[in-house]
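Work through the exercises below with the structure open beside you, and try each task before you read its solution.

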Amino acid sequence: MKRTFCILTGTLALLAGSALPSLAADQEISWIYCGDKIDPIHEKYIKEWEGKNAGYKVVPEVVGWAQCQDKATTLAASGSPAALAYVGSRTLKEFAQNDMIVPVPMTDEEKASYYPNIVDTVTFDDTQWGVPIAFSTKVLYWNKDLFKQAGLDPETPPKTWAEEIAFAKQIKEKTGIAGYGLPAKTFDNTMHQFMHWVYTNNGKVIDGDKIVIDSPEVLAALQAYKDITPYSEEGPTAYEQNEVRAIFLDGKLGMIQAGSGAATLLKERGLNWGIAPLPLGPSAKGEGTLLITDSLAVFKGSGVEDKAIEFAKFITSPGPQGEYELQGGAGLTPLRPGPKVDEFVAKDPYWKPLIDGITYGGPEPLFTDYRGFQNVMIEMVQSVVTGKAEPADAVKKAAAELDQYK
């Protein structure tokens with residue numbers, strides 16, 4: 001009996017060994033996915049990619065926007081990184097310099113497929129460190145009824161900062177309603193909103209490794225912020241962009257700058273509105289906007305880096321990406337030109353100004369300590385809109401402080 005048992009045991013072991021390849025678990029590509037739920041478009045294409053890549057399974061972990069970035073960072077710092085994470089492209093420099101992510105090289109053909117300047121948002125030291133997955137630009141929205149009540153032509157939006165300030169003043173004085181929505185809350189979007197003004201005046205905050213915020217172009221943008229503040233909503237430091245947008249949707253603001261998501265909401269509200277490129281500053285070379293992208297970063301040490309890069313490029317390729325970004329109220333601007341985008345522009349002309357600002361737009365400035373940079377920018381803006389500092393002094397102070405974060 002003992003001998004029989006030993007032979008049987010050996011046979012079972014042999015069978016088990018021979019069966020291992022077919023029973024082996026798929027290698028997981030874990031994905032920190034920001035939001036409340038996985039987008040159905042992504043679910044569809046995850047299944048498609050898995051069907052073409054036997055032995056690999058993409059495992060998204062949905063994490064709320066407020067915690068998403070920190071979760072990816074904490075896992076990487078602890079030595080148990082996710083293979084892939086949805087991150088703000090502004091953080092890529094910090095991740096790269098801390099050796100947390102791997103490069104995601106792009107061919108010249110891949111780079112050329114994007115609109116101008118998009119690849120710059122993920123590039124540091126001539127290397128790409130992420131794959132853009134979400135993109136937003138901003139345009140000017142105006143309330144035509146308020147324009148008419150104020151004695152302005154409801155079909156003619158401001159084309160320059162000077163006109164924008166003058167129109168806001170006239171709306172406020174003639175109707176008693178704020179002419180412009182100015183977000184200045186202690187919130188990352190305050191920095192973003194100001195950067196739209198910087199890029200509509202051919203300005204920069206950092207050029208290579210040199211801080212250039214104390215330039216005439218940026219000073220002019222901050223001065224314009226000061227000049228339009230009296231005609232904006234009361235207490236702008238209490239509002240971020242979505243809160244300002246809500247006031248506009250209620251018909252209580254003359255103008256705001258916002259993304260494509262506002263157009264979707266406005267169509268549902270039935271407000272009499274218009275959309276146009278952002279007004280230009282005196283040094284502008286053309287229509288501009290801040291180019292904000294979120295990216296898929298591939299973290300070092302997951303063991304599946306190459307496959308994660310392959311998947312990241314697939315899920316953001318023209319087919320899947322085109323469905324994801326054009327499907328509704330997500331507030332996304334297309335990353336690439338193409339026939340599908342042309343169809344959307346023909347159907348809904350409001351897409352055109354959202355795209356036209358890309359050519360002279362600029363990326364979020366990349367700093368090693370992004371939060372430090374962001375806080376300096378917010379403080380600079382708030383000091384001016386509250387009257388605590390003059391623009392020239394605020395810019396000079398910000399320039400001195402930003403040097404430590406580059």
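pLDDT is the predictor's confidence in each residue, on a scale from 0 to 100, and it is the value to consult here, since this is a predicted model.

**Exercise 1. Over which residues does pLDDT stay under 50, and how many contacts beyond four places in sequence does the model have for them?**

Solution. Next, look at residues 1–23, where pLDDT stays under 50 and for which the model has 0 contacts beyond four places in sequence. Finally, keep a rule of reading in mind: where pLDDT is low, the predicted coordinates should not be read in detail.

**Exercise 2. Classify the packing of helix H16 and helix H17 from the angle between their axes.**

Solution. First take the geometry: H16 (residues 370–385) and H17 (residues 391–402) pack at an angle of about 170°, and their axes are 9 Å apart. Then apply the cut-off, by which angles over 145 degrees count as roughly antiparallel; H16 and H17 are therefore roughly antiparallel to each other. Their crossing is right-handed. The residues in contact include Phe373, Met377 and Met380 of H16 as well as Ala394, Val395 and Leu402 of H17, and by class the contact of H16 with H17 has 10 nonpolar, 1 polar and 3 charged residues.

**Exercise 3. Which residues of helix H8 meet helix H9, and how is their contact divided by class?**

Solution. Start again from the axes, which for H8 (residues 188–199) and H9 (residues 216–228) lie 8 Å apart at an angle of about 120°, so that the two helices H8 and H9 are oblique to each other. The crossing of H8 and H9 is right-handed. On the H8 side, Gln193, Phe194, Trp197 and Val198 make the contact, and they meet residues of H9, among them Val218, Leu222 and Tyr225. Counted by class, the contact of H8 with H9 has 9 nonpolar residues, 1 polar residue and no charged residues.

**Exercise 4. Is the aromatic pair of Trp65 and Tyr86 stacked or edge-to-face?**

Solution. The structure holds 17 aromatic pairs, and in this one the ring centres of Trp65 and Tyr86 are 5.4 Å apart, with the planes at 80°. Planes over 60 degrees apart count as edge-to-face, so the pair of Trp65 and Tyr86 is edge-to-face.

Terms used
Residues numbered from 1 in each chain as written. Predicted model: local features only at pLDDT ≥ 70, side-chain atom pairs only at ≥ 80, totals over all residues. Heavy atoms only, no water. Contact = heavy atoms within 4.5 Å. Phe/Tyr/Trp six-rings, centres within 6.5 Å; stacked < 30°, edge-to-face > 60°. Axes fitted to C-alpha atoms, helices over the stretch in contact; angles between N-to-C directions. Helix = DSSP H or I, 4+ residues; strand = E, 2+ residues; numbered from the N terminus. Parallel < 35°, antiparallel > 145°, perpendicular 65-115°, else oblique. Left-handed = near helix turned anticlockwise from the far one by under 90°. Nonpolar A, V, L, I, M, F, W, Y, C, P; charged D, E, K, R; others polar.
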